[in-house]
Amino acid sequence: MREFLLFSRTGFTSPNFRSLIDAGRLDIVYQCALMAIFKSQAHRQDVVFHAVLNGPPSPPLHIRISGAELRDAHIDERSWEEILRNVIAGKRHPGIEVDRKSFQEIIKQKHAENSRILVLSDSGKPIDSMELGEGALFVLGDHVGLPKKDEGFALRYGDKLSLGRKKYLAASCIDIVNYSLDRLEDGNKSSED
Ligand SMILES: C[S@@+](CC[C@H](N)C(=O)[O-])C[C@H]1O[C@@H](n2cnc3c(N)ncnc32)[C@H](O)[C@@H]1O
């Protein structure tokens with residue numbers, strides 16, 4: 001399983017908002033979910049995306065989206081505005097679960113489940129030098145970046161992974177990781193043929 005965990009510093013934990021961008025940058029949650037889960041014409045069956053919202057009024061709120069189980073979701077922002085508003089309000093949507101777990105609780109849980117914790121940071125070990133396999137949780141910050149204390153907590157359990165010295169959007173990072181792992185999988189398959 002390939003998993004991503006986004007720390008949203010300001011994402012609203014109430015459904016009362018006019019637009020995703022005005023809801024403490026929930027647009028970043030939408031963009032990251034899109035890059036994590038969607039391929040052309042299909043969902044990634046082996047990907048789970050997590051976002052922890054730490055904005056007002058009652059943080060934290062953990063949203064878990066499973067590519068294998070997600071249904072009734074298009075790729076446009078307006079559809080996701082509706083989906084996020086509904087799940088934050090406590091309504092059900094197939095493939096999406098919401099609970100009150102914090103960022104640190106998820107890190108501990110994934111470590112206990114033997115997932116490799118990889119914290120995305122431009123100052124980490126270069127992606128080309130790391131042995132990447134499945135069973136990893138890729139952790140990333142929003143437009144501001146991960147709070148130092150949460151980054152330090154995650155690094156007790158894992159390593160920093162860099163995609164290069166340029167700073168990318170969080171959603172671009174997810175796309176690059178998915179692409180890199182897809183290339184590795186394709187390479188492994190063709191060497192088995
Ligand atoms: C828009 S960036 C945050 C920018 C923020 N000003 C900072 O300095 O961290 C969002 C997240 O993407 C990830 N990221 C951005 N560029 C990266 C890179 N070159 N390598 C690895 N991760 C990166 C980090 O996890 C970062 O918290």
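Ile174 touches Phe4, Cys32, Met35 and Ala36, leaving out residues up to four places away in sequence; contact here means that the C-beta atoms, placed from the backbone, lie within 7 Å. Before I go on, this is a predicted model: local features need pLDDT of at least 70, side-chain atom pairs count only at pLDDT 80 or more, and totals for chains, interfaces and linings use all residues. Residues are numbered from 1 along each chain as its sequence is written.

Back to Ile174. Ile174 sits in helix α5. Helices are DSSP runs of H or I with at least four residues, strands are runs of E with at least two, and both are numbered from the N terminus. Is Ile174 buried or exposed? Ile174 has 26 C-beta neighbours inside 10 Å and therefore counts as buried. The cut-offs are 20 or more other C-beta atoms within 10 Å for buried, 12 or fewer for exposed, and partly exposed in between, with C-beta atoms placed from the backbone. From C-alpha to C-alpha, Ile174 is 9.0 Å from Ala33 in space, while the two are 141 residues apart in sequence.

For a second residue, take Val87, in helix α2, residues 77-88. Val87 counts as partly exposed because it has 19 C-beta neighbours inside 10 Å. Its contacts, leaving aside neighbours within four places in sequence, are Ile63, His93, Ile96 and Val98. Ser14 is 73 residues from Val87 in sequence and 9.9 Å from it in space, C-alpha to C-alpha.

Now the sheet. It is open, has seven strands in the order β6-β5-β4-β1-β8-β7-β9, and its pairing is mixed. Two strands pair if DSSP finds at least two bridges between them. At the edges are β6 (96-99) and β9 (158-162), each pairing on one side only. Neighbouring strands are turned by 25° against each other on average, direction ignored. Helix α1, residues 26-37, packs on this sheet and touches β1, β4 (47-53) and β5 (61-66). The direction of α1 makes about 170° with that of β4; axes are lines fitted to C-alpha atoms, for helices over the stretch in contact, and angles run from 0 to 180 degrees between N-to-C directions.

Some pairings in detail. β1, residues 2-8, pairs with β8 in the parallel sense over six bridges, and Arg2 stands opposite Ala136 in β8. β7 and β8 run parallel and are joined by four bridges; here the partner of Arg116 is again Ala136 in β8. β7 also runs parallel to β9, with six bridges, and Val119 stands opposite Lys160 in β9.

Next, a helix pair. The axes of α3 (103-112) and α4 (148-155) come within 10 Å and cross at roughly 10°. The two helices are therefore roughly parallel to each other, a label given to angles under 35 degrees; over 145 is roughly antiparallel, 65 to 115 roughly perpendicular, and the rest oblique. Phe103, Gln104 and Ile107 of α3 meet Asp150, Phe153 and Ala154 of α4.

Notes: Contact = placed C-beta atoms within 7 Å.
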